[in-house]
Amino acid sequence: MLVLSPCKAQPYIYGKIRSDTGIYLQKVKISNRAESGVYFSDSAGNYKVPYILNKKNILRFELEGYKVYTSGVIEINENEAFNLNIEMISDVTVFGPGKATAKKEAERGQIIVIKPMDTRPSVTGDFNDYIKSMPGVSSGNELSSQYNVRGGSYDENLIYVNDIEVYRPQLVRSGQQEGLSFVNPDMVHNLVFSAGGFEARYGDKLSSVLDVSYRTPKKNGAGVQIGLLGASMFVEGIVKSRHRIGPRDSTRFTYLIGARYRGNKNLLNSLDAQGLYKSRFGDFQSLLTYHFNRYNRLEFLANYAQNRFRFEPEFQETTFGTLQSALKLSIGLDGQEIVDYRSGLGALSYIYNKLGKELKFMASGYMSHETEHYDIQGKYEISEVDNNLGSGNFGKTKSLLGYGYFINHARNDLYFQVFNLSHQGTAKLKGIKNRSNKGELENYRHPAKLMWGLKYQLEVIEDKFKEWKYSDSDGYNINPFGQSGNLLELSEYINSRTKITNQRVSGFAQYHQGFGKVNQWSLVSGLRYLYSTLNQQSLLSPRAQIYFEPNKNYNLKHKKDSSRQRKNIFLKGAFGYYYQAPFYREMRNFDGVVNTSLKAQRSIHYVTGLEFDFVKLKRPFRFSAEAYYKNMDYLVPYILDNVRIRYYATNSSRGYATGFDTRINGEFIKGLESWFTLSVLKTDEKITYVKDSVVVESPSLRRPTDRRVSASIMFQDELKSNSNYRMHIMLNFGSGLPYYLGGAARYREGNTIPAYKRVDIGFSKVIISSDPEKPTKLKSKFIEDMWIGVDIYNLLQINNVISYMWVKDFNNTTYGVPNYLTGRRLNVRVVMKF
């Protein structure tokens, strides 16, 4: 007799996973302590995990950039299912145009987890290339890691790494000399970027702050990247203690070490100036952490960098002009240029973190030695080119317009040291219970947080500045002073020596308070103080930020029914005073004279913005926008030549900057994030100067960084039939910049550099993948991920202008000959992670 018994179905646990900002999370790793299986959520945040009978089922949810979430499950019977919806808290800070604060406010911004060995095309391989694609940020120079933010100069941007301020080279003239920036992308965990209106806890610059946190290793690993333009590697790991330091962790020591090398010879050979390029850029960084116990740890951050650029020029040929009048400049060159930037940083931090209180004590020293030595001589000819398409001499010289000779000489040496002692503290306060709420919202409290800090800084700067230039035209020495005679006159001569010592004392206090029924309002207010002994100036900077989520109360009431929830909308506003005390370059004028009484520049920020999340194609997207106005005074006028800033060393300017920034980002292609940004800016100034012993003010002039429109697109795609073949494209556009000559020419409207337009594209093939949703045929016990990529830089071969060279013809007519940036180049990269 055959007996049929009912089939017993496997019980299971299911639900949705989303962030605390309402975005459904995919690729969340889910494990059950009762078994060894590993599961992942889908693109809509759904997951399903088997329930193991007669065992204790405890689920663990993990996703990079979010705090680990652990939840137990009640006992269920056969044929049953248990619904468990999860909300994961972000552990990543903001990367985008918006206000950046810790945790809750930061999570409303543009969230990007920084992954080592990224696949996107980058000319320099530099971390700051991604910052340049953010709203409000512009550069116009693919060879440089420097950037402008909302009309500010390169010197107006703060950069921190693990709360330690870092510095950029002071003598750099051009992007090809610059070398590697400080931040190593292979070591970054997360970051905060604010384009304005930032908090009082961040220091004293006018435009922006970039706050980078290097990651603390959770496991042993390594990575290597090798390409035609350079290489990089990192090693990370943990050392366990015999005894547990915390209830779940026995890690005693962690290390994160990175090294980079860059050689731009292949890239620089696409410039008009030809010769022997010998560039060698490299650095070494390490972050070492010792855990005394779960509450106390000691961190040591170290960096040594040597960026050496050597160029032996031979000739330069540049074609310019219009279709009606095509011109060509030919220069025979001789000599050499040697630029060397060596810097080192050592920073020791002690951190105590327990029960919502963090105390951090830091001591750091930064030293930099910069040398700029060159002797370049050249003989040039400027000629008219035959542009008649039907001519047999098309493209050849039709007539000689002029010739000349020049010598450029420099022996510049700068040595500076910066030492810091500082303390920062954070205390999370319990807050007041909101007794007006009922039901599920009854336990909501108004959170509060207090932050404070003190800092002492010592600066020692030694500068030897010696430059001279000689030029003649048509065989005659050009006398800049209009004197007659047979004396050989130099068109420019500077010889100065300077040694200054400056001490700064700064501090801040900042208070964060939530209010409203469900804390839909949040206010951050703070005050910052700075005193500098060099100019004996004391500065107070009040700052405030306010945030509002209009739909938070409604969404919390219907959090179990996602179909009834409204869009996550986040409104914000900011106001503050921002001072920038002079460091060194602002104090040195064109003649090498240092003005030690120069006062701090000031900018008053007014910022308002919004962000909202939405879902299209079953994937999350975010739109953000900000409008701003900056009222600026006590400004120091300057001219910009390539990336070299030359200051007038007087507080003789006042101006403003206004505009708006927008960004949309999300997964246009499933699993691949892309973004589009658009920024509109207008920044003008009026400069006071002396003319014929009379003080006058110039008309309203465009500032040197007045790029009216900036736009960028970073788009990623993959083959539908095989997702391991991917494409990455970067498009950048920046409208024309004003270009000023020095001296009195700065007080009237200058010329305009043409718009910057560039397209970089990359193709990659994943060889080995650790992604369970996108497996590869090839597997390895030692290699976790591996891919090979081909990048094409300046795909459309657009000649972008960075500056001008000025020459004269026989009739004493001056021509501005453009200095072009790099042309089309190919790079191949291989990346492996272990």
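## Exercises on a predicted model

In this predicted model, four strands make up an open sheet with mixed pairing, and their order is β12-β11-β14-β13.

**Exercise 1.** Find which strands are the edge strands of this sheet.

*Solution.* Start with the order, β12-β11-β14-β13. Next, look for strands that pair on one side only: these are β12 (164-165) and β13 (188-194), the edge strands.

**Exercise 2.** Work out in which sense β11 and β14 pair, and which residue of β14 is the bridge partner of Leu158.

*Solution.* A reminder to begin with: strands in a sheet pair through backbone hydrogen bonds, and the pairing can be parallel or antiparallel. Here, β11 (residues 157-161) and β14 (residues 208-214) run in the parallel sense, with five bridges between them. Now pick out Leu158: its bridge partner in β14 is Val209.

**Exercise 3.** Locate Ile546 and decide whether Ile546 is buried, partly exposed or exposed.

*Solution.* First, find Ile546 in strand β27, which spans residues 537-548. Then take its relative accessible area, 34%. Buried would need under 20% and exposed over 50%, so Ile546 is partly exposed.

**Exercise 4.** Decide where pLDDT calls for caution, looking at residues 1-7 and 92-117.

*Solution.* Begin with the whole protein chain: the mean pLDDT is 83, and 87% of the residues reach 70 or more. Residues 1-7 stay under 50, with one contact beyond four places in sequence. Residues 92-117 are also below 50, yet this stretch has 115 contacts beyond near neighbours in sequence in the model. Where pLDDT is low, predicted coordinates should not be read in detail.

Methods:
Residues are numbered from 1 along each chain as its sequence is written. This is a predicted model: local features need pLDDT of at least 70, side-chain atom pairs count only at pLDDT 80 or more; totals for chains, interfaces and linings use all residues. Side-chain values use heavy atoms; hydrogens and water are left out. Helices (H or I, at least four residues) and strands (E, at least two) are DSSP runs, numbered from the N terminus. Buried means under 20% relative accessible area, exposed over 50%, partly exposed in between (1.4 Å probe, protein chains only). Two strands pair if DSSP finds at least two bridges between them. pLDDT is the predictor's confidence in each residue, from 0 to 100. Contact means heavy atoms within 4.5 Å.
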